[in-house]
2 protein chains.
Amino acid sequence: MRTVFTLPDLRSARLPFSGMVGLVPTMGYLHDGHLSLIRRAREECEHVVVSIFVNPTQFGPSEDLSKYPRDLDRDLKLIEPLGTDLVWIPTAESMYPQEYQTWVEVEAVTDPLEGAMRPGHFKGVTTVVAKLFNAVQPHKAYFGQKDAQQVAVIRQMTRDLNFPIEIVVCPIVREPDGLAMSSRNVYLNPEQRKAATVLFRALSTAKDVYDKGERDAGMLRQIMTEVLASEALVQVQYVSCADYDTLEELDTIKEKALLSMAVFLGKTRLIDNFVLE
Amino acid sequence: MRTVFTLPDLRSARLPFSGMVGLVPTMGYLHDGHLSLIRRAREECEHVVVSIFVNPTQFGPSEDLSKYPRDLDRDLKLIEPLGTDLVWIPTAESMYPQEYQTWVEVEAVTDPLEGAMRPGHFKGVTTVVAKLFNAVQPHKAYFGQKDAQQVAVIRQMTRDLNFPIEIVVCPIVREPDGLAMSSRNVYLNPEQRKAATVLFRALSTAKDVYDKGERDAGMLRQIMTEVLASEALVQVQYVSCADYDTLEELDTIKEKALLSMAVFLGKTRLIDNFVLE
């Protein structure tokens, strides 16, 4: 496994790769969710590139950029045994030098949900992903379904800008009690950690009702809201039942749909989702 | 020479190319300026791809999209003898389908000059060029110095977004009397065509003064303005002496600079420039 830091070093390390190249973009502090992406890339590609970059442009001014958890040594130890060929760890200064001034923006699909709660977040995401795509030139790129709107936004950007890249979406990896893996879970104190399972319970309850035939999206939103309300520590930011691709809120579920939610547990913001197909 | 229309056909025609691939993006209605780009690409690359696409998103609502000159048969006859491998002629509907919603924007360098006169123009340019880059995946892309700000904007975008592409800038090709080649020159009536040489005369006069040692940018702007004023048919839109890379107006010329101007002759808008190095 080779570790590179600069763009020129990345390009020369990438040059001899032949056959399928897979990219797993991460912000580090890896958990089993990330590792599942790397394993999938390893299965499908001749070469696996992992990027580790806590992208400052996707954090709002009041968000947790400075305290976002980092542990590079641990990350590299987790990545190596999975057969990663190349790890790229760019610096913020090299990604966004002083004269930097180019942005990639996706419109409609970034408007609701996370986009509404985190202004500018997706502008940072699409810009950095476009930069990662151009730098690494992968054939496939791996993203987790955990960030469901990010997946929808990246898929839209990839289609719109003609990137010759297949976006592979991997299922959410969960703790035994159902909590979706997230680098931010380390922020939770024991009491909050216990309460955090309510997201999974809310989604599971709505999914059960869906599986029994309910297609009224308002009803599913109401069920999720009620389950979340049963947990006093949780402050709900949004609860959604939306079209899987456009993320427009639905009245009636007819095609592939997304149940999703964002809540605060203290100062920690958690998101989770189920796909209904 | 193969001509393709769809993105899948472009991709499969591009696939067997090995070695250096050069892209010459055009809006068609080719003149000797375009042909000089193709010849340069032919000299430097194993494979030459020419795109012909009158990009609607770079025209303002009051601009000349609908009457922009088109003659595809003539274009193909001009391109073929130059040894072009592949011509891509996408449709507007395939480039911008109904659900299209992604834009690439460059900030500071798009603010002055053309950017100030043509709001949204460069957003359309950078978006379509990013799409062309991703579709064709060239190693080198060829642009004419005629569109000086476009060159500065594309260079900035390419650096910022990590496109692995060398931007090759080719000199302006001029008519014997100095008028810069432009597809829009066909709009000029004989009297306007004669008056249009004043752009070259204004630039040449300022350049002579520069060559004699003048470094006061305001003085050069004044000289160009005076020469342009000698031609009654010409309405000046802007006259500039700016930094070559940032396009910020200069007080004193210290490094590579750009003399540029935009004028109206009747309803026809013409631009021209000289690089001072």
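Student: What is the mean pLDDT of chain A?
Tutor: This is a predicted model, and pLDDT is the predictor's confidence in each residue, from 0 to 100. In chain A, 100% of the residues reach 70 or more. The mean pLDDT of chain A is 97.

Student: Where does the domain assignment place the domains of chain A?
Tutor: The bounds come from an automatic or database domain assignment. For chain A that assignment gives domain 1 as 2-170 and domain 2 as 183-276.

Student: How does the side of domain 1 of chain A that touches domain 2 of chain A divide by class?
Tutor: The side in question belongs to domain 1 of chain A, which has 14 residues in contact with domain 2 of chain A. By class, there are one charged, three polar and 10 nonpolar residues.

Student: Which element of chain A gives the largest share of the side that touches chain B?
Tutor: Chain A and chain B each bring 24 residues to their contact. In chain A, at least two residues each come from α1 (7-14), β5 (102-106), α6 (121-136) and α7. The largest share, five residues, comes from β5(A).

Student: How many nonpolar, polar and charged residues are on the side of chain A that touches chain B?
Tutor: That side takes 24 residues from chain A. They divide into 13 nonpolar, six polar and five charged residues.

Student: At what angle do α9 and α10 of chain A pack, and which residues of α10(A) make the contact?
Tutor: Helix α9 (residues 198-211) and helix α10 (residues 217-229) of chain A have axes 8 Å apart and pack at an angle of about 150 degrees. From α9(A), the contact uses A:Val198, A:Arg201, A:Ala202, A:Leu203, A:Thr205, A:Ala206, A:Val209 and A:Tyr210. By class, the contact has 11 nonpolar, one polar and one charged residues. From α10(A) come A:Leu220, A:Ile223, A:Met224, A:Val227 and A:Leu228.

Student: Is the crossing of α9(B) and α10(B) left-handed or right-handed?
Tutor: In chain B, the axes of α9 (residues 198-211) and α10 (residues 217-229) come within 8 Å and cross at roughly 150 degrees. The contact includes B:Val198 of α9(B) and B:Leu220 of α10(B), and its residues divide into 11 nonpolar, one polar and one charged. The crossing of α9(B) with α10(B) is right-handed.

Student: Which residues of α7(B) make the contact with α6(B)?
Tutor: The crossing of these helices is right-handed. From α6(B), the contact takes B:Phe122, B:Val125, B:Thr126 and B:Val129. By class, there are six nonpolar, two polar and no charged residues. From α7(B) come B:Gln150, B:Val153, B:Ile154 and B:Met157.

Key: Residues numbered from 1 in each chain as written. Chains lettered and ligands numbered in written order. Predicted model: local features only at pLDDT ≥ 70, side-chain atom pairs only at ≥ 80, totals over all residues. Axes fitted to C-alpha atoms, helices over the stretch in contact; angles between N-to-C directions. Helix = DSSP H or I, 4+ residues; strand = E, 2+ residues; numbered from the N terminus. Contact = placed C-beta atoms within 7 Å. Nonpolar A, V, L, I, M, F, W, Y, C, P; charged D, E, K, R; others polar. Left-handed = near helix turned anticlockwise from the far one by under 90°.
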